[in-house]
Amino acid sequence: MNKKRNKRKKRNERNKPIKDMSTVKIALITGANRLLDHSAKNTNEQFKIVLACRNKTRAIDAQNALLKEFTGGLVEIVLVDVSSVKSVFECCKEVKKRFNRIDLIFCNAGILPCTHVDWSVVAKQLVFSPIALMSRTDCIVQPVGKTTAEGLGETFACNVFGHYVMIRELENLLIKTKNSRIIWTSSCTATKENFNLEDYQAIKENAPYESSKRMTDLIAIGLNSRLNKHDIYSFATHPGIAATNIVRDHLGWVMGYGMLIGLFAARTFLGMRNQTVTNWNGSYSNYYVATQPIDLLNNAAIKKFGSYCNRFGEVYVDTDDIEDYNEVETEALFNKLNKLLDEFRVKYNIKS
Ligand SMILES: NC(=O)c1ccc[n+]([C@@H]2O[C@H](COP(=O)([O-])OP(=O)(O)OC[C@H]3O[C@@H](n4cnc5c(N)ncnc54)[C@H](OP(=O)(O)O)[C@@H]3O)[C@@H](O)[C@H]2O)c1
């Protein structure tokens, strides 16, 4: 990893100054750094990264870390708590003030809330189904009925609705660029059985995380029928399984390292290709969708682009089916989201 980073660093030192700012692609990201690496290697395609983060100190740390690694990179910060509709409106207002166009929006921020880890499930799966243990979230017991201050299902608000509001508010900036892209980080754990349109905010009984990721898939694909005519393309991706804070936060320090070793072992010894293990590998599918020619990506219309690794840790992208994608269900979901958005626009006096 250090060798790889040093190699990247050397390349980045050779990064040429950008002559024409109008050709720089603007990417609003709720978390990622691969695009700076790409900019460092490709003088013909440069990105300005706008980190959309909820915590100013962490955002500045991330910005400094990126600028240290990618000398001459273009990195800005905009503050947003995606689980708060009010904050998303404010963030979009700020983005509109700073930019007159956007090329990419990465809907990447996400939470997997947890009341406790069910160690009996861990033990059972470890013995009878290690593959399930390493690829699913069964052992994470999620809170039921938790809502935000604005009254939305917590996971729904953060993983889905905040991003949906952001897209709708910034559509006019996406329209200004050719082949602009919206990239939704979903999950390989997104399952249709955990999504119930009647309880789409997953406040009652559904597993809120899996429900939110199923919705992410439906929205990511469904937006295309409305936005493609404006040259805007929307994609679902997933990072495989990586040892990031989303699960590590619930496991504690020791088990967090245990997880890392488990993922690595599952990839090396069981050949589980979804065990991407690191953030860098996990972000590959997002990077791929951001940088590949649009025609190549559109061949995979109702698919999700996933990050995968071989036993030796070499990362690649593969496409996965979106289980039973259903246009009628997706349309009904959009109706609900749009109605909710209208209510919030009235509440916060936002013009559509
Ligand atoms: N890791 C995996 O195995 C895996 C698998 C499938 C899907 N995913 C998805 O990948 C995406 C990235 O997750 P990750 O694994 O990289 O986890 P992570 O390390 O926990 O990163 C999540 C990011 O989301 C941000 N975030 C959370 N709530 C937010 C809010 N209300 N407003 C603004 N930002 C917020 C976090 O910011 P803070 O720094 O402020 O906390 C953090 O930067 C998520 O959508 C996740 O569901 C991950």
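Begin with the largest nonpolar core, which has 52 residues, and select Leu28, Phe161 and Met166, the members that touch the most others; a nonpolar core is a set of buried Ala, Val, Leu, Ile, Met, Phe, Trp, Tyr and Cys residues joined through side-chain atoms within 4.5 Å. Colour helix α7 (residues 154–175) next, because the largest share of this core, 12 residues, comes from that helix, where helices (H or I, at least four residues) and strands (E, at least two) are DSSP runs numbered from the N terminus. Apart from this core lies another, of 22 residues, including Ala59, Leu66, Val289 and Ile294.

Before going further, note that this is a predicted model, in which local features need pLDDT of at least 70 and side-chain atom pairs count only at pLDDT 80 or more, whereas totals for chains, interfaces and linings use all residues. Residues are numbered from 1 along each chain as its sequence is written, and side-chain values use heavy atoms, with hydrogens and water left out.

Now centre on Phe161, which is in contact (heavy atoms within 4.5 Å) with Val85, Leu152, Phe156, Leu337, Leu340, Leu341 and Phe344, leaving aside neighbours within four places in sequence.

Select Lys48 in strand β2 (residues 47–53), where a polar contact of 3.1 Å joins its side chain to that of Glu76. A polar contact is a pair of N or O atoms within 3.5 Å; within protein, one must be able to donate a hydrogen and the other to accept it, and residues adjacent in sequence count only if both atoms are side-chain atoms. Lys48 counts as buried, at 15% relative accessibility.

Finish at the ligand, which 24 residues surround, the closest being Arg54, Arg58, Asp81, Tyr209 and Thr244; a residue is near a molecule or strand if one of its heavy atoms lies within 4 Å of it. An N or O atom in the side chain of Arg58 is 2.7 Å from a ligand oxygen, and a polar side-chain atom of Asp81 lies 2.7 Å from a ligand nitrogen.

Note on methods
Buried < 20%, exposed > 50% of the residue type's maximum accessible area, 1.4 Å probe, protein only.
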